[in-house]
Amino acid sequence: MSATAWTRRTCAEMAVSGAVGLVASFVLSIEAWQLAMDSTTRFGCDVSSVLSCSTVAQTWQARILGFPNAFLGILFETAVLAVSVALFAGVRFPRWYMVCVNIMYTVALAFAYWLFLQSYFVIHVLCPWCLLITITTTLVFGGITRINIREGVLGLPQSARHFVEKGFDWSIWGLLVFIICAMVAARYGAGLIG
């Protein structure tokens, strides 16, 4: 596969994940406004006692910077969509810019995992939209990191570039998604739907 086709495929995967994350962030931001107007409101994603967006949205972790985290999701997902589309179209960003994008998405991934772990270990309730954002953030981070490794932006050894060129890195991102799903299934099982 040519380098252009490889990059375009990765960018398309990032754009799809980013778009799904953006939709989830918009839904969560709308629900945050509804919850601000009426703290007793319940959402369509309140599926069970362990899958409940409104329960998670009422915790301090849902407003870590003083406003709903969904607004951060809108910011990050919009940025990654812009970068994905530009890269797909053949735009070549300077190295410093791509390093900054990778750092930004490293922060986004760490934040998404922190929120997941807070929901899992502290709140004991999961938000389906938040879980979806955690998964899409993992996939977007995987995409931007693989592009930066292949293009030599991150200055990693040739063996890392070869690993990415062969597509082996997707096993890492797939494993992370599997671990998240396995953790949820192992802890909550049938309680997810009833």
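1. A charge is taken to sit over a ring if NZ of Lys or CZ of Arg is within 6 Å of the ring centre and within 35 degrees of the ring normal. In this predicted model, the charged end of R150 sits over the ring of W6, 4.4 Å from its centre, and the charged end of R187 sits over the ring of Y120, 4.8 Å from its centre.

2. Local features need pLDDT of at least 70 and side-chain atom pairs count only at pLDDT 80 or more, whereas totals for chains, interfaces and linings use all residues. Residues are numbered from 1 along each chain as its sequence is written, and side-chain values use heavy atoms, with hydrogens and water left out.

3. The structure holds 12 aromatic pairs (rings of Phe, Tyr and Trp, the last by its six-membered ring, with centres within 6.5 Å; planes under 30 degrees apart are stacked, over 60 edge-to-face and the rest tilted). The rings of W60 and W114 have their centres 6.0 Å apart and their planes at 55 degrees, so this pair is tilted. Ring pairs also link F116, Y120, F121 and Y188 into a cluster.

4. By relative accessibility, W60 counts as exposed at 52%, while W114, at 29%, counts as partly exposed.

Terms used:
Buried < 20%, exposed > 50% of the residue type's maximum accessible area, 1.4 Å probe, protein only.
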